[in-house]
Amino acid sequence: MAMRIGDKTFKEAFKVESKDTFMRGAVSSAQDRLRDRKLQAQEDLGNWEEWRNHAEEIRQHTLSNLDYYLDLLAHNVAELGGHVYFASTPEEANDYVTNILKKKKAKKVAKSKSMVTEEINLNEAMEKAGCEVVETDLGEYILQIDDHNPPSHIVAPALHKNRNQIKDTLHEKLGYEGTENPDEMTSFVRNKLRQDFLSADVGVTGCNFAVAESGSFTLVTNEGNARMVSTLPKTQITVMGMERIVPTHEELEVLVGMLTRSAVGQKLTSYVTTLTGPRGIGEIDGPEEFHLVIIDNGRSKILGTQFQSILQCIRCAACVNVCPVYRHSGGHSYGSIYPGPVGAVLSPLLGGYEDYGQLPYASSLCAACTEACPVKIPLHDLLLKHRQVEAEQQKSTPKTERMLMKGFGFGASKPTLFKYSMKLARPMMKPFSDDNSIHKGPAPLHSWTQSRDFPLPEETRFKDWMQQHLKEREDQ
């Protein structure tokens with residue numbers, strides 16, 4: 001599976017990542033900063049819930065009419081002289097792109113940040129085709145030179161690293177001799193990338209939103225690299241998930257505003273770039289040849305199901321920035337390039353329960369993700385639906401858990417057994433409610449007892465208390 005990171009399950013990876021206090025500190029700090037900036041940005045906008053409702057309506061309308069808008073987009077791109085290719089699988093998309101590279105005899109590809117190209121592992125395919133691939137987003141560039149370290153966050157790929165680690169990477173891989181000052185390191189990387197922009201044969205970008213009515217696509221960035229990638233090379237390839245589309249520029253304006261506020265707490269990012277087709281007559285920049293690759297990769301199977309609302313996602317990562325599980329695990333624990341709550345919902349749908357069946361359980365179900373989502377995806381409800389599907393199909397539910405649930409059902413249906421078990425509840429829970437015994441207890445409960453105490457039941461049952469209370473009233 002192309003979107004897979006590592007070979008460990010979530011539980012196995014979590015045991016390793018949760019001990020990395022350095023990473024956890026960096027993630028916690030970034031989460032707090034991004035969340036606070038989002039809250040301020042949505043307060044400045046005013047009527048935030050009304051904007052959320054409107055954004056949700058736009059996404060639901062688009063998904064309900066996705067075939068129409070995709071056909072309209074493809075028609076308008078072709079009318080402008082571009083080429084459109086619909087890819088059902090990652091392999092089809094990668095083959096199409098690499099065939100273009102071979103026809104162009106391309107040696108170097110300049111690339112801007114794109115989650116969907118990470119999803120299909122496009123970089124590896126282009127490298128196998130004999131091309132040097134250069135990530136030009138600063139965070140992605142740092143991860144690329146650091147032995148192709150995968151991103152740990154949807155918006156900020158190098159979130160798990162701090163400036164000292166980045167300085168060490170630049171020193172080790174590129175001979176950087178400066179300080180950990182971000183401006184100094186950025187200037188150093190910029191000088192390295194300048195020649196790559198000028199010498200690239202092909203530019204590859206993702207797509208935040210495609211506009212059906214005009215055949216345009218929009219990139220939302222805080223760096224100027226995406227504009228360089230999309231204007232300097234003679235051939236440009238844009239890769240987009242089939243759901244990343246809006247009907248008109250009017251809806252684009254709404255969703256871009258929601259995206260920038262939710263992702264980085266800005267009214268607008270530094271660059272919002274909308275490009276339409278290859279270079280026209282009289283235009284001085286832009287590609288001579290433009291290709292739009294629209295990827296399915298399981299998305300069409302989600303349409304019309306109970307999970308369709310996950311396709312409303314605009315990849316802002318607001319859900320990731322409030323998730324307590326992500327705070328402790330980091331992004332790499334999820335085993336997918338999509339981490340956090342959105343990854344826990346989307347990854348099993350795209351990659352299957354066999355690889356990602358543990359992710360729906362990587363949640364406290366606190367619903368903070370649902371509250372943070374700018375397009376109102378009911379993320380915690382979808383996580384529960386995943387759990388239901390898995391339990392019904394018995395794909396990942398442990399046998400011991402099923403036996404315990406059957407035992408509970410039997411005991412709860414027998415009044416005598418239930419009454420007796422209630423009397424035993426307090427002494428049985430005592431070991432798990434004592435700070436000195438927090439790591440004790442049977443293995444199935446270790447995931448809980450190693451980090452928290454169970455609440456200790458009251459000494460007196462409510463039923464007994466009520467009977468005593470009524471008796472005292474009668475005696476009066």
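# Surface patch, sheets and selected residues

Reader: Which residues make the nonpolar surface patch of about 270 Å²?
Author: The patch of about 270 Å² is made by Leu198, Met228 and Leu232.
Patches are built from residues with over 30% relative accessible area and no salt bridge, like charges being joined within 9 Å and nonpolar side chains (Val, Leu, Ile, Met, Phe, Trp, Tyr) within 5 Å; a salt bridge is a side-chain nitrogen of Lys or Arg within 4 Å of a carboxyl oxygen of Asp or Glu. Accessible areas come from the Shrake-Rupley method with a 1.4 Å probe, and for residues only the protein chains shown count as cover. The residues asked for are therefore Leu198, Met228 and Leu232.

Reader: From which number are residues numbered along each chain?
Author: This is a predicted model, in which local features need pLDDT of at least 70, side-chain atom pairs count only at pLDDT 80 or more, and totals for chains, interfaces and linings use all residues. Side-chain values use heavy atoms, with hydrogens and water left out, and along each chain, as its sequence is written, residue numbers start from 1.

Reader: Is methionine 228 buried, partly exposed or exposed?
Author: Methionine 228 has its place in helix 11 (residues 225–231); helices (H or I, at least four residues) and strands (E, at least two) are DSSP runs numbered from the N terminus. Buried means under 20% relative accessible area, exposed over 50%, and partly exposed in between (1.4 Å probe, protein chains only). Because its relative accessibility is 33%, methionine 228 counts as partly exposed.

Reader: How many helices and strands are there in the chain?
Author: Along its principal axes, the C-alpha trace of the chain spans about 100 × 55 × 45 Å. Of the 476 residues, 48% count as buried. The chain contains 22 helices and 10 strands.

Reader: Which strands are the edge strands of the open sheet of 6 strands?
Author: Two strands pair if DSSP finds at least two bridges between them. The 6 strands stand in the order 1-10-7-4-2-3, with parallel pairing. Each edge strand pairs on one side only, and the two are strand 1 (83–87) and strand 3 (132–135).

Reader: Which residue in strand 3 is the bridge partner of lysine 111?
Author: Strand 2 (residues 108–111) pairs with strand 3 in the parallel sense, over 4 bridges. Lysine 111 has as its bridge partner in strand 3 the residue glutamate 135.

Reader: At about what angle does helix 12 run to strand 5?
Author: A second open sheet, of 4 strands, has the order 8-5-6-9 and mixed pairing; its edge strands are strand 8 (245–246) and strand 9 (271–276). Within it, strand 5 (residues 209–211) and strand 6 (residues 216–221) run antiparallel and are joined by 3 bridges. Axes are lines fitted to C-alpha atoms, for helices over the stretch in contact (heavy atoms within 4.5 Å), and angles run from 0 to 180 degrees between N-to-C directions. Helix 12 (residues 249–264) lies across strands 5, 6, 8 and 9, and its angle to strand 5 is about 170°.

Reader: What is the relative accessible area of tyrosine 326?
Author: Tyrosine 326 has its place in helix 14 (residues 324–329). Tyrosine 326 is buried because its relative accessible area is 0%.

Reader: How far apart in space are arginine 315 and valine 342, C-alpha to C-alpha?
Author: Arginine 315 lies in the loop between helix 13 (299–302) and helix 14, and is buried because its relative accessible area is 9%. Leaving out residues up to four places away in sequence, arginine 315 touches several residues, among them Glu243, Arg244 and Tyr338. Arginine 315 and valine 342 are 27 residues apart in sequence, and their separation in space is 8.6 Å.

Reader: What is the phi of lysine 105, about?
Author: Most residues other than glycine have a negative phi. Lysine 105 is in the loop between helix 5 (90–103) and strand 2, and is exposed because its relative accessible area is 69%. Although it is not a glycine, lysine 105 has a positive phi of about 55°.

Reader: Is aspartate 147 buried or exposed?
Author: Aspartate 147 lies in the loop between helix 8 (138–145) and helix 9 (163–174). Aspartate 147 is not a glycine, yet has a positive phi of about 55°. With a relative accessible area of 59%, aspartate 147 is exposed.
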